[in-house]
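Have the sequence and the 3D view open as you read.

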Amino acid sequence: MNAPAPIGLHHVTAIAGDPVENLRFYRDVLGLRLVKRSVNQDDPATYHLFYADGDGHPGTDITFFPWAHASRGTPGVGVVQETYLTVPEGTLEAWERRLEAAGTYTDPIARRFGDRVLPFADPHGLRLALVEGPEPFAFTPWRDGPVPASEQIRGLHGARAPLREVAPSERFLVDVLGFERAGEEDGWVRFVLPGGPAGGAGRILDVREERDTRRGAWGVGSVHHLAWTVTGDDHQVALREAVARAGRRPSEVIDRFWFRSVYFMEPGGVLFELATEGPGFAVDEDPGALGERLILPPWLEPHRLRIEAVLPDLSAADAPAVAR
Ligand code: ZN
């Protein structure tokens, strides 16, 4: 028997350059709330910055490891090429003006699979696209943010990645993870998680076969992994077992404190995670003050002074965003 499909994207994690530039762009230009200021649990001398909606809902969250001195990523097969973010219908022109005013070059507004999209890159070369669409999932506006609530980014919409071969990934996405094939356009094959009443944000993954493209490599400006939401521990264990039966060698369940994670590569080489919905970002902070101070998981707390001494200074970006 198949395990139920994940309900959508939980978060997308990418590699950034300078953390101050990252914070200024995602908080002050895109208007996402910094909901958690922590460290990379595998490399505590590096920040892990989490941006999301006002309440830090799973499915609204894009997170970064800022490695200011790392080399740029190399686009190619097996690496996510673009991350989609949902915005309300009719807001792309306002977004175009906002990004232009911030000095961000955007591609022309286009239509893909029937949706209006605005593609652009962040200051470190990470490709993003705002996609107009409905938001039948949990979202809370960030009241103190710089973007009017009616135009704010609603959450993750999906992602796309070129692959050397689509067929093995298609079998895995459909037979193991429960995606449905939902069409093809310009060579991109769209897979969608079934959703339904419990459907979350970010249910789309587009892949395109590129036989002659070289393997991509992680670096500044590339997505590190896509995390898909599982509703709880039982769901996570069932899907992990299905992934293992498919020969994808998942990691053990790792406690990330705000959620629990399992990692594996899908057959095309894209790193996936299965992340639990809870306990959530408010487990160790006042919801009104999320992201204001450095939060460490309990096992790193004894090393706080040493960690704080080596982390880059973010105070240059700590001026509060101006509401308007
Ligand atoms: Zn993750």
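**From the zinc site to the sheet**

The zinc ion takes its protein donors from His 11 (NE2), His 225 (NE2) and Glu 273 (OE), at 1.9 to 2.0 Å; donors are N, O and S atoms within 2.8 Å of the metal (3.2 Å for Na, K and Ca), and water is not among the atoms, so sites may look incomplete. Along the sequence, the spacing of these donor residues is H-x213-H-x47-E. His 11 sits in strand β1 (residues 9-16) and Glu 273 in strand β16 (residues 271-276), 262 residues apart, so this pair links distant parts of the chain. Strands here are DSSP runs of E with at least two residues, numbered from the N terminus.

A word on the model: it is predicted, local features need pLDDT of at least 70, side-chain atom pairs count only at pLDDT 80 or more, and totals for chains, interfaces and linings use all residues. Residues are numbered from 1 along each chain as its sequence is written, and side-chain values use heavy atoms, leaving out hydrogens and water.

His 11 is buried, at 2% relative accessible area, and Glu 273 is buried at 0%; buried means under 20% (1.4 Å probe, protein chains only).

Now follow the strands. Eight of them form an open, mixed sheet in the order β2-β3-β4-β1-β13-β16-β15-β14, where pairing requires at least two DSSP bridges between two strands. β2 (33-40) and β14 (254-255) are at the edges with a single partner strand each, so one side of each has no neighbour in the sheet. Strand β13 (residues 223-230) pairs with β16 in the parallel sense over five bridges, and Leu 226 stands opposite Phe 272 in β16.

Terms used: Helices (H or I, at least four residues) and strands (E, at least two) are DSSP runs, numbered from the N terminus. Buried means under 20% relative accessible area, exposed over 50%, partly exposed in between (1.4 Å probe, protein chains only).
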